[in-house]
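Student: I am new to this structure and would like a close look at one part of it. Please take the salt bridges and go through them one at a time.

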Amino acid sequence: MSGETRIQLNVRISKETSNKLDEIVDYYQENTKLGRIYKGDVLTDIIEKSYEVMNKQKNLNKKF
(Lines give C-alpha, C1' and ligand atoms only; values in the text may rest on other atoms or scores of the structure.)
Protein backbone atom coordinates (compact mmCIF):
# COMPACT_ATOMS: atom_id res chain seq x y z
CA MET A 1 0.00 0.00 0.00
CA SER A 2 2.91 2.34 0.23
CA GLY A 3 2.86 4.67 -2.71
CA GLU A 4 -0.91 4.43 -3.18
CA THR A 5 -2.83 7.64 -3.12
CA ARG A 6 -5.39 7.44 -0.37
CA ILE A 7 -8.58 9.42 0.11
CA GLN A 8 -10.80 9.80 3.11
CA LEU A 9 -14.44 8.81 2.86
CA ASN A 10 -16.89 10.29 5.30
CA VAL A 11 -20.08 8.24 5.42
CA ARG A 12 -22.98 7.82 7.77
CA ILE A 13 -23.95 4.27 8.64
CA SER A 14 -26.39 2.83 11.13
CA LYS A 15 -25.22 1.83 14.59
CA GLU A 16 -26.06 -1.79 13.71
CA THR A 17 -23.82 -1.66 10.63
CA SER A 18 -21.04 -0.08 12.68
CA ASN A 19 -21.33 -2.87 15.24
CA LYS A 20 -21.11 -5.45 12.47
CA LEU A 21 -17.99 -3.75 11.09
CA ASP A 22 -16.43 -3.80 14.56
CA GLU A 23 -17.17 -7.52 14.79
CA ILE A 24 -15.62 -8.14 11.36
CA VAL A 25 -12.52 -6.14 12.35
CA ASP A 26 -12.21 -8.22 15.52
CA TYR A 27 -12.52 -11.40 13.43
CA TYR A 28 -9.80 -10.24 11.03
CA GLN A 29 -7.61 -9.30 14.00
CA GLU A 30 -7.98 -12.75 15.57
CA ASN A 31 -7.53 -14.70 12.35
CA THR A 32 -4.71 -12.93 10.52
CA LYS A 33 -1.05 -12.59 11.34
CA LEU A 34 -0.68 -9.10 9.89
CA GLY A 35 -0.47 -7.15 13.13
CA ARG A 36 -2.95 -4.41 13.93
CA ILE A 37 -6.00 -4.39 11.66
CA TYR A 38 -7.91 -1.16 11.03
CA LYS A 39 -11.45 -0.57 9.79
CA GLY A 40 -10.10 0.96 6.59
CA ASP A 41 -8.07 -2.19 5.89
CA VAL A 42 -11.13 -4.38 6.39
CA LEU A 43 -13.33 -2.18 4.22
CA THR A 44 -10.67 -2.17 1.49
CA ASP A 45 -10.48 -5.97 1.60
CA ILE A 46 -14.28 -6.32 1.45
CA ILE A 47 -14.53 -3.90 -1.47
CA GLU A 48 -11.71 -5.61 -3.39
CA LYS A 49 -13.28 -9.06 -2.93
CA SER A 50 -16.74 -7.78 -3.88
CA TYR A 51 -15.29 -6.12 -6.96
CA GLU A 52 -13.68 -9.40 -8.05
CA VAL A 53 -16.97 -11.27 -7.58
CA MET A 54 -18.85 -8.57 -9.51
CA ASN A 55 -16.43 -8.79 -12.43
CA LYS A 56 -16.67 -12.58 -12.52
CA GLN A 57 -20.46 -12.34 -12.62
CA LYS A 58 -20.33 -9.70 -15.35
CA ASN A 59 -18.04 -11.91 -17.43
CA LEU A 60 -20.32 -14.90 -16.94
CA ASN A 61 -23.33 -12.85 -18.02
CA LYS A 62 -21.50 -11.76 -21.19
CA LYS A 63 -20.98 -15.41 -22.15
CA PHE A 64 -24.71 -16.11 -22.08
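Student: To begin, is aspartate 45 buried, partly exposed or exposed?

Tutor: Aspartate 45 is partly exposed, with a relative accessible area of 24%. The model is a predicted one. Aspartate 45 forms a salt bridge with lysine 49, and their closest N and O atoms are 3.0 Å apart. Both residues belong to helix H2, where they are 4 residues apart, so about one helical turn separates them. Lysine 49 is also partly exposed, at 46% relative accessible area.

The count of salt bridges comes to 3. Another of them joins the side chains of glutamate 16 and lysine 20, at 3.3 Å from N to O. These two lie 4 residues apart in helix H1, which means about one helical turn between them. Glutamate 16 is exposed, with a relative accessible area of 54%, while lysine 20 is partly exposed at 47%.

There is also a salt bridge between aspartate 22 and lysine 39, whose closest N and O atoms are 2.9 Å apart. This pair links distant parts of the chain: aspartate 22 is in helix H1 and lysine 39 is in helix H2 (residues 39–63), 17 residues apart. Aspartate 22 is partly exposed, with a relative accessible area of 28%, and lysine 39 is partly exposed at 38%.

As for the setting, the chain has 2 helices and 0 strands. Its radius of gyration is 15 Å, well over the 11 Å that the globule rule gives for 64 residues, so the chain is more spread out than a compact globule. Buried residues make up 9% of the 64 residues. The chain carries 12 positive and 10 negative side chains, and the centres of the two sets are 6 Å apart.

Note on methods:
Residues are numbered from 1 along each chain as its sequence is written. This is a predicted model: local features need pLDDT of at least 70, side-chain atom pairs count only at pLDDT 80 or more; totals for chains, interfaces and linings use all residues. Side-chain values use heavy atoms; hydrogens and water are left out. The radius of gyration is taken over C-alpha atoms; the globule rule is 2.2 Å times the number of residues to the power 0.38. Buried means under 20% relative accessible area, exposed over 50%, partly exposed in between (1.4 Å probe, protein chains only). Lys and Arg count as positive and Asp and Glu as negative; His and the chain ends are not counted. The place of a charge is taken as NZ of Lys, CZ of Arg, CG of Asp or CD of Glu. A salt bridge is a side-chain nitrogen of Lys or Arg within 4 Å of a carboxyl oxygen of Asp or Glu.
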